[in-house]
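The sequence and structure come first.

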2 protein chains.
Amino acid sequence: PGGKKYLNCVRNGQNTANRLPPESKAADFVEGNRVNIRGFLSKRRVQNAELVFANILVTNGPNIQVTSASSQSYSQALRSIRLHSPVAVTGTITRLDKEDFKAAKPDSPLSRFPSNVVNVELDLVTIKPLNVFPKDIILSRDVEFPASSRHLQIRFSNPLRSRLAARARIGLELRNSLDKVGFTEVETPILFKSTPEGAREFIVPTRSRNLAYALPQSPQQYKQILMSAGIRGYYQFARCFRDEDLRADRQPEFTQLDLEMSFATGQDVMDAVESLVTELPASLNAEFRLVESRGEIHPLPLRNSGNSQERRDAQSGLAWPSFAAPFPRLTYQEVMTRFGIDKPDLRIPFEIRRVDQILPAEFVSMITNLKDQPIVEAFRFRPETRNGNAVESSTTFVKKLINNLPLGIRCHNVPTPIVFNTSKPMCGLSSLGFEGFEALQSCAPGLEDFQDLENGDIIFFLARENKPFQGGSTALGMIRTAVYREAVSMGLLPRNLDFKFLWVVDFPMFMPNNDEDPGQGGSAGFSATHHPFTAPLTDKDVELLTTDPLKARGDHYDLVVNGVELGGGSRRIHLAVLQEYVMRDILRMTDTGVEQFSHLLEALRVGCPPHAGFALGFDRLVAVLTHTESVRDVIAFPKSMKGKDLMVNSPGEITEEQMRTYFPGWRPPTSS
Amino acid sequence: PGGKKYLNCVRNGQNTANRLPPESKAADFVEGNRVNIRGFLSKRRVQNAELVFANILVTNGPNIQVTSASSQSYSQALRSIRLHSPVAVTGTITRLDKEDFKAAKPDSPLSRFPSNVVNVELDLVTIKPLNVFPKDIILSRDVEFPASSRHLQIRFSNPLRSRLAARARIGLELRNSLDKVGFTEVETPILFKSTPEGAREFIVPTRSRNLAYALPQSPQQYKQILMSAGIRGYYQFARCFRDEDLRADRQPEFTQLDLEMSFATGQDVMDAVESLVTELPASLNAEFRLVESRGEIHPLPLRNSGNSQERRDAQSGLAWPSFAAPFPRLTYQEVMTRFGIDKPDLRIPFEIRRVDQILPAEFVSMITNLKDQPIVEAFRFRPETRNGNAVESSTTFVKKLINNLPLGIRCHNVPTPIVFNTSKPMCGLSSLGFEGFEALQSCAPGLEDFQDLENGDIIFFLARENKPFQGGSTALGMIRTAVYREAVSMGLLPRNLDFKFLWVVDFPMFMPNNDEDPGQGGSAGFSATHHPFTAPLTDKDVELLTTDPLKARGDHYDLVVNGVELGGGSRRIHLAVLQEYVMRDILRMTDTGVEQFSHLLEALRVGCPPHAGFALGFDRLVAVLTHTESVRDVIAFPKSMKGKDLMVNSPGEITEEQMRTYFPGWRPPTSS
């Protein structure tokens with residue numbers, strides 16, 4: 001039956017791909033010429049029995065309309081083909097609309113369309129279906145297909161298709177920028193080996209008994225070897241792999257723009273990355289605009305979208321704003337103090353202040369069970385736009401917020417919000433006592449935010465243990481972010497499409513072990529904050545290694561924009577003795593553990609120059625620049641939270657044959 | 001002791017990477033200015049106690065010389081640092097030599113050196129070692145390091161370093177060319193799943209019981225899905241993986257420039273690839289020249305090599321010749337007939353001719369044991385340059401050749417060479433008999449090569465079974481290649497640095513199963529020659545599928561240059577019914593086998609347009625263009641024939657913990 005079916009297809013002319021007339025080239029597009037075009041039959045309007053209009057969708061080309069005007073039989077042909085099917089069309093050009101784009105590139109001999117043509121009208125001569133779009137797929141505006149139909153989502157979703165196009169553009173621009181300033185792309189192996197760098201790696205068994213490759217969590221070790229090899233500036237768009245329990249918006253494989261510079265300081269690397277990133281808005285603006293549809297902001301190509309409505313939408317869209325440079329550089333201590341998070345969103349117009357010095361003990365004991373002089377912090381949120389009664393509106397806001405607090409905050413860390421309300425005693429702040437109320441508004445250093453309070457202003461209070469900052473955020477830091485997002489979504493603060501970049505620097509070198517990250521497996525009770533190759537920041541931090549390593553700061557820097565960590569880097573330890581000392585004496589790794597890094601130690605030993613580098617999360621960069629919160633929206637075939645690619649149904653079942661190949665001692669389990 | 005050692009380093013100033021003065025930028029390079037430079041101390045000449053000259057090697061920069069002229073203490077400083085150590089230098093510029101390059105790019109604010117400066121002379125002010133090059137590494141001209149010291153090989157080998165630089169250049173040029181003609185880069189997953197596409201895949205176990213990813217042998221299936229998704233031109237520099245027993249010059253992971261075009265024919269794809277490839281010589285010539293050292297031809301950068309001798313060598317080197325286009329297109333039948341190989345080297349000035357029609361049966365039975373009218377083929381080799389006695393020289397050549405025949409030829413397929421020698425009866429050809437001798441020189445059609453034989457000409461005869469061509473080469477084809485290589489290496493033929501490209505087309509769709517390739521696991525007794533997605537060439541080949549599938553030709557094309565297959569591609573089957581028919585009814589794959597391709601069948605089913613593509617072996621392309629026979633010479637960290645990366649010592653031992661993580665039912669083997 002398969003045979004018959006397929007022979008029918010051949011007879012219906014759908015296997016004619018080997019007999020297609022040569023497609024026309026840019027130079028053929030002259031009014032009156034007959035041209036051959038291939039594309040999808042994308043729209044059809046039946047005027048009457050004789051006259052049918054149809055659009056042929058060609059990617060990277062103009063809007064193309066064919067009419068059946070020259071013969072009635074053509075109208076029948078146009079109507080007989082199912083919409084969205086691929087077709088080969090021959091027609092006579094009756095009209096060509098051109099538009100001059102500044103950035104229009106000269107047409108190459110291979111270009112199918114002149115780059116300045118935006119509309120083509122054709123009188124149909126022949127049309128031939130090349131395959132059939134099936135009946136069972138229902139299309140509607142903004143249809144969402146299940147993940148198993150990713151191909152249909154890419155084909156029919158403008159946001160997704162445009163984001164993938166923007167991704168390609170950003171990637172190529174970054175490469176050319178890097179090339180311009182002397183970086184060389186070097187590819188490093190994906191079949192690497194297991195080392196205790198910090199994350200759990202996927203293993204790849206080999207047919208050599210008990211030997212396995214591991215997929216790299218990053219090209220870190222290879223790129224450091226390249227520095228020892230005398231490469232001055234290395235870069236690579238590297239695929240990286242981590243076998244982690246997937247948290248929101250992580251993928252088991254991801255792409256990073258990985259770079260490293262020998263003879264460089266962290267400062268040099270930050271300068272280089274900043275110069276790269278700040279070139280991006282101009283590149284994007286040359287080809288795309290940002291448009292909004294159904295509340296979602298996404299890019300659209302300015303020309304050659306194959307659809308005139310989209311082209312008009314794009315032309316009236318927004319350009320990317322330029323990025324203010326140099327990016328501010330704030331220390332870990334400072335961002336934790338001011339924002340309660342190590343990846344602050346600088347668009348948020350309010351900061352955290354420490355207030356326990358002015359609060360009555362009674363208030364403190366009311367808002368927390370913590371003993372031993374807890375630290376109390378607060379921030380003031382002032383709605384910028386208010387409808388109706390400010391106090392009422394803020395009270396509603398507070399209720400909604402508390403009900404939707406970020407996960408992991410609910411129990412111990414619920415903040416105490418107080419709405420400023422002049423119609424209440426002490427404007428609603430009576431729980432602070434008179435002295436607290438006065439002090440808060442005293443304009444004392446650090447308390448300026450609490451001056452001039454207005455009706456509807458909300459102050460959020462939260463206590464925390466009195467100890468140094470650790471990890472990525474405090475509870476109040478997360479609440480501050482949640483307040484901002486909720487306020488924007490409720491229209492209490494204006495949406496801000498700016499990109500506020502900053503560097504966060506001077507992280508602690510080590511952090512106490514936790515259950516999530518395997519770390520380096522040493523017995524010190526702590527692990528490297530980022531990886532064990534980060535250099536101590538100053539000579540003082542070198543000394544701290546021997547006395548109080550948890551206080552030592554590393555020369556590490558994170559690039560953050562709008563609350564998203566885009567990437568991180570560091571100056572590396574370039575002296576073999578120091579590297580071995582950190583691994584063996586500070587982290588207390590086993591001999592076997594240290595031995596797994598012997599290639600790196602050897603590379604440092606042979607006079608390796610100082611070096612520093614960076615890894616930019618490319619998926620995340622593209623997501624941020626194209627205004628989506630999920631990297632899945634910028635990856636053609638993303639994996640689900642369970643690590644599955646639902647389009648191809650991977651991973652698949654391991655077969656007995658594979659088990660016998662890679663684990664010769666293995667026997668299939670006997671059924672019990 | 002580690003701690004002490006490292007504190008000594010710090011005290012010796014080697015951990016000063018955090019206190020380096022900012023490096024000077026291009027704009028600072030003015031005579032009389034004081035500049036800060038970082039690089040390797042690469043050469044030293046001690047004139048006398050007071051005067052020492054030294055070179056600072058900076059990658060991507062000019063030749064830099066410092067002198068101790070301004071103070072005697074500086075000469076001590078210069079002499080105290082071990083050669084090849086990384087240093088930070090401050091000095092006063094006493095001389096700047098400039099050279100104007102046509103292609104010199106404008107300096108960016110991050111450029112460390114003006115691009116037109118080729119020599120800088122400095123009076124030393126300070127020099128500080130940043131690490132120490134160890135005593136135990138012995139350097140000599142053209143030193144070869146073991147694979148475990150790949151970092152030193154990259155650092156000290158000009159050919160390797162330049163080839164890696166050329167690789168980066170070629171890659172970026174290809175990307176920009178593809179972008180120019182409307183291709184979009186799309187990244188596809190590396191964590192894929194196992195499918196019977198043709199090669200054995202590496203598997204990547206997951207923590208979900210019995211589920212594994214597989215590493216892709218190519219992005220073939222994903223890129224076809226992208227065609228169904230409406231992407232018009234896709235490309236990707238894709239890492240591909242095959243768990244094969246490594247033959248010479250194969251790597252378990254390799255890079256291919258993968259591309260696919262929807263609505264395209266094979267012709268369209270060949271045109272696109274040809275236009276890409278022919279742009280490469282100009283790009284290479286803008287930055288490199290080919291030089292020869294110790295018999296090896298390799299690229300050197302024209303400028304910014306950091307070494308004036310290298311710069312001069314490059315400037316007197318050879319440019320890449322342009323590639324004659326359009327590339328000839330020859331069918332599989334034709335190349336097998338004329339060259340006995342499906343990847344012919346068109347530089348070889350002699351071809352294979354069928355001669356059994358003129359040979360006496362006696363001669364045939366003398367040179368072969370084959371019965372049933374074997375086919376006898378021959379070619380004439382004429383040395384172009386001869387020293388002394390031509391006959392003697394050719395006789396020596398023949399002996400050497402027969403002793404060094406390519407592997408796998410020795411037994412049944414030793415050719416019969418006859419040296420033309422006018423001093424012998426019938427010029428040495430008496431075994432052909434008089435009629436054979438006359439006929440050979442008769443100038444009959446197809447025998448023109450054997451006219452005007454001269455002393456020292458050699459005719460190689462070899463018989464083969466009388467059946468259609470199969471596989472990649474005949475024995476005589478391999479011998480012909482061996483004769484050419486040996487003749488060039490012995491100086492009997494001139495070395496030819498041209499690049500002779502061609503397309504080989506019209507391959508058989510299927511070939512009988514063999515032991516090496518797993519194929520598709522169907523029960524038909526044959527497998528797809530390339531992969532099961534290749535479309536039949538013409539309607540006639542479609543019909544042959546049902547009647548005599550082994551005779552059906554596929555619309556497949558290989559790109560070949562100088563005897564090297566650079567890549568292959570095909571028009572794909574774009575109709576789900578035809579694809580399923582080929583899998584199920586022609587290859588006779590099991591239901592389970594076909595099921596593994598259900599994502600592809602589904603993608604074809606939804607009106608997928610016709611499409612065709614190509615995969616260019618990028619490692620091999622770079623190897624050929626940079627005149628090396630081994631892809632290991634163009635890969636920073638290649639793997640050995642046993643799949644080991646000897647630099648990092650991968651693969652590594654699987655730990656019990658890893659086994660328990662990925663195979664929870666597994667128990668460590670009890671020692672017996």
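## Strand pairing

B:Tyr557 stands opposite B:Gly569 of β22(B). Strand β21 (residues 556-561) and strand β22 (residues 564-571) of chain B run antiparallel and are joined by six bridges. Strands count as paired if DSSP finds at least two bridges between them; helices (H or I, at least four residues) and strands (E, at least two) are DSSP runs, numbered from the N terminus.

This is a predicted model, in which local features need pLDDT of at least 70 and side-chain atom pairs count only at pLDDT 80 or more, while totals for chains, interfaces and linings use all residues. Residues are numbered from 1 along each chain as its sequence is written, chains are lettered from A in the order in which they are written, and side-chain values use heavy atoms, without hydrogens and water.

## The sheet

In chain B, eight strands make an open, mixed sheet in the order β6-β9-β10-β23-β22-β21-β18-β13.

## Chain A with chain B

The contact (heavy atoms within 4.5 Å) takes 139 residues from chain A and 139 residues from chain B. Between the chains there are 18 salt bridges, that is, a side-chain nitrogen of Lys or Arg within 4 Å of a carboxyl oxygen of Asp or Glu. One salt bridge joins the side chains of B:Asp268 and A:Arg38 (2.8 Å, N to O). Helix α4 (residues 158-180) of chain A gives the largest share of the chain A side that touches chain B, eight residues.
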